[in-house]
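Hi,

Here is the structure I promised to pass on. Have a look at it first, and my notes follow below.

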Amino acid sequence: MRNKTLYIILNGISFDRPGDWKFLSDKKQKRFVKCRNPRPYQECDDKLMSSTSNSKSPSFQVRYQITCPHCWTVFPLENILWIAEAPGLVGDSRLGDSQQERFLPINFDLAGNAVDRLGFSCKKLACPYCHLQIPRPFIEMQSFFISIAGAPASGKSYFLTAMTWNLRRMLPDEFHYVFTDADPELNMRLLTYESYQFMNDDENATVKIEKTEEQGDSYNSVLINNQNITYLQPFLFGLFPTSEHPDFPKNLKNSLAISLYDNAGESYLPIHGGDSASLPVTRHLGKSHCIFFIFDPTQDNRFRAVCSNPNNDPQLNKETEGNFRKTNIRQEMVLAEVIKRTRHYMGMHIQEKYPHPLIVVVSKLDAWKDLLPDIYFRNPWAKRINTGKTVFLVDRVRDVSDRVRSLLKKHLPDMVSMVENFASNVIYIPISATGCPPTRDPETGEWGFQMKNLKPIWIEVPFLYALSQTSQDIIPCVF
Ligand SMILES: Nc1nc2c(ncn2[C@@H]2O[C@H](COP(=O)(O)OP(=O)(O)OP(=O)(O)O)[C@@H](O)[C@H]2O)c(=O)[nH]1
Ligand SMILES: [Mg+2]
Ligand SMILES: [Zn+2]
């Protein structure tokens with residue numbers, strides 16, 4: 001283990017526990033050095049280095065070990081690379097000629113930022129293994145990864161877009177938490193989808209989200225040992241208390257750096273070979289703290305047979321269904337593949353249960369809501385009269401989950417037993433990303449959704465439930 005000095009941007013913070021980093025400041029530079037008898041890094045996983053408390057400003061924490069949200073390499077903070085700012089320092093050994101150079105710094109400016117070879121102060125950090133950019137929340141906060149898995153056209157991207165759009169607005173109001181882009185540049189694709197769906201100038205315009213491709217902008221190509229490895233670009237967020245939260249500014253312990261993975265459904269198909277050593281695009285399954293498996297009833301013949309199609313959804317209509325993508329492979333097979341890969345990547349033995357929540361997100365609820373008569377999808381959260389604090393009503397979600405489970409058990413018993421064999425913390429949450437069926441644009445003939453009709457149903461609930469299972473300090477619950 002190298003006993004190397006760590007230089008990093010953190011003004012005036014001192015650490016004085018044995019084995020922690022100590023912050024030194026002199027005229028020339030500000031830097032961290034490690035105190036004597038350091039603890040081995042393995043033992044430090046998930047622990048935080050924190051600043052001495054100061055009630056006026058938020059305390060600062062950095063992590064001993066970081067997990068890269070791109071390649072999932074776990075590395076000590078001291079190995080983190082910086083990204084050169086100088087326009088002349090273009091070209092990186094792993095990312096190619098068009099990317100800025102990555103480097104391990106030796107010089108720093110007075111603010112604690114690394115200075116590159118041409119004297120420019122730098123701000124961005126990168127993984128020492130894949131060299132891809134790691135936003136600042138991932139070195140300060142505990143990370144929380146969520147895999148969004150499911151068959152092609154099951155509704156993953158519509159779900160993700162409506163969910164992040166709604167979380168940005170409801171979390172500050174209801175739970176005094178900010179849900180924000182860890183780096184807007186890295187989330188640009190999702191931000192574009194959100195604006196397109198929910199901030200379109202013309203509310204009558206027909207809008208749609210394109211299919212997620214298996215290659216292109218959503219992926220990063222990295223050269224490692226002369227091999228081209230393609231990683232999926234995750235969507236990265238920070239979740240931390242607002243100034244109205246009682247925890248602010250005392251500590252940021254209850255903050256999370258969130259990574260959301262949205263693949264092309266083809267990457268999960270059992271016969272497709274969508275994941276390999278050079279295309280490790282679904283290996284987040286082995287690192288995630290929660291899996292959302294998106295199940296689309298409109299693509300299942302047994303469901304279609306019992307659904308009366310009250311909204312005349314063209315995806316359920318014999319004449320129009322041909323206009324919509326769907327998979328020829330049964331969704332239970334996709335689920336079996338997701339389970340197989342998760343076991344493999346996590347190194348679970350055959351009888352071991354998945355240790356995290358498995359959330360079966362049953363999508364396109366607007367199209368099959370008639371199968372759940374007399375359920376009113378009221379928000380499963382409420383303000384407590386005595387404290388004024390919002391609490392998550394877990395039982396309201398579990399009651400709905402029980403109803404959906406019975407429905408699935410009746411029509412797809414194999415799927416329910418597969419899910420429950422794999423994980424013990426399972427919940428079935430119905431959602432609609434749109435609240436309405438697709439319509440055809442009279443001018444272009446294209447299918448999509450009119451912005452004015454978009455009314456997502458229970459779109460935040462899977463995420464709130466996942467968080468409530470992780471930390472009730474963030475999402476307080478009542479049962
Ligand atoms: N009725 C209804 N249709 C939906 C809803 N969400 C998505 N759809 C339809 O389902 C289609 C597929 O949705 P996507 O979100 O692109 O599916 P995906 O799982 O991301 O698909 P891939 O990117 O191919 O893996 C869309 O084109 C919509 O027409 C919903 O909430 N209600
Ligand atoms: Mg998609
Ligand atoms: Zn990496």
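Let me start with the ligand. The shell around ligand 1 splits into nine nonpolar, nine polar and six charged residues. In total, 24 residues surround ligand 1, and the closest are K156, S157, Y158, T212 and G265. If you look at which helices contribute, α3 (156-175) and α7 (365-368) each supply at least two residues of that shell. The biggest share comes from α3, which gives three residues. Bear in mind throughout that this is a predicted model.

Now the overall picture. The chain has ten helices and 27 strands. It runs to 479 residues, of which 43% count as buried. Taking contacts between residues at least 6 apart in sequence, 71% join residues at least 24 apart.

Helix α6 (residues 331-346) packs with helix α9 (residues 413-422) at an angle of about 10°, and their axes are 10 Å apart. With that angle, α6 is roughly parallel to α9, because angles under 35 degrees count as roughly parallel. On the α6 side the contact is made by E332, L335, A336 and I339, and these meet D414, M415, M418, V419 and F422 in α9. By type, the residues of this contact are seven nonpolar, no polar and two charged.

On to the strands, where I picked out two places. One is an open sheet of three strands, ordered β15-β26-β25, with antiparallel pairing. Here β15 (206-207) and β25 (439-440) stand at the edges with a single partner strand each, so one side of each has no neighbour in the sheet. Strand β26 (residues 447-450) runs antiparallel to β25, and two bridges join them.

Is β24 mostly covered or mostly exposed? Strand β24 (residues 426-430) is mostly covered, as four of its five residues are buried.

Finally, two backbone details to check. H176 has a positive phi of about 55°, although it is not a glycine. You will find H176 in the loop between α3 and β14 (177-181), and α3 is the helix that gives the most to the shell around ligand 1. H176 counts as partly exposed, because it has 18 C-beta neighbours inside 10 Å and a residue needs 20 or more to be buried.

The other one is N226, again not a glycine, with a positive phi of about 65°. N226 sits in the loop between β16 (219-224) and β17 (227-232). Is N226 buried or exposed? With 5 other C-beta atoms within 10 Å, N226 is exposed, since 12 or fewer is the cut-off for that class.

That is what I have so far. Over to you!

Best wishes

Definitions and conventions: Residues are numbered from 1 along each chain as its sequence is written. Chains are lettered from A and ligands numbered from 1 in the order in which they are written. This is a predicted model: local features need pLDDT of at least 70, side-chain atom pairs count only at pLDDT 80 or more; totals for chains, interfaces and linings use all residues. A residue is near a molecule or strand if its C-beta atom, placed from the backbone, lies within 6 Å of it. Ala, Val, Leu, Ile, Met, Phe, Trp, Tyr, Cys and Pro count as nonpolar, Asp, Glu, Lys and Arg as charged, and the others, Gly among them, as polar. Two strands pair if DSSP finds at least two bridges between them. Axes are lines fitted to C-alpha atoms, for helices over the stretch in contact, and angles run from 0 to 180 degrees between N-to-C directions. Angles under 35 degrees count as roughly parallel, over 145 as roughly antiparallel, 65 to 115 as roughly perpendicular and the rest as oblique. Two residues are in contact if their C-beta atoms, placed from the backbone, lie within 7 Å.
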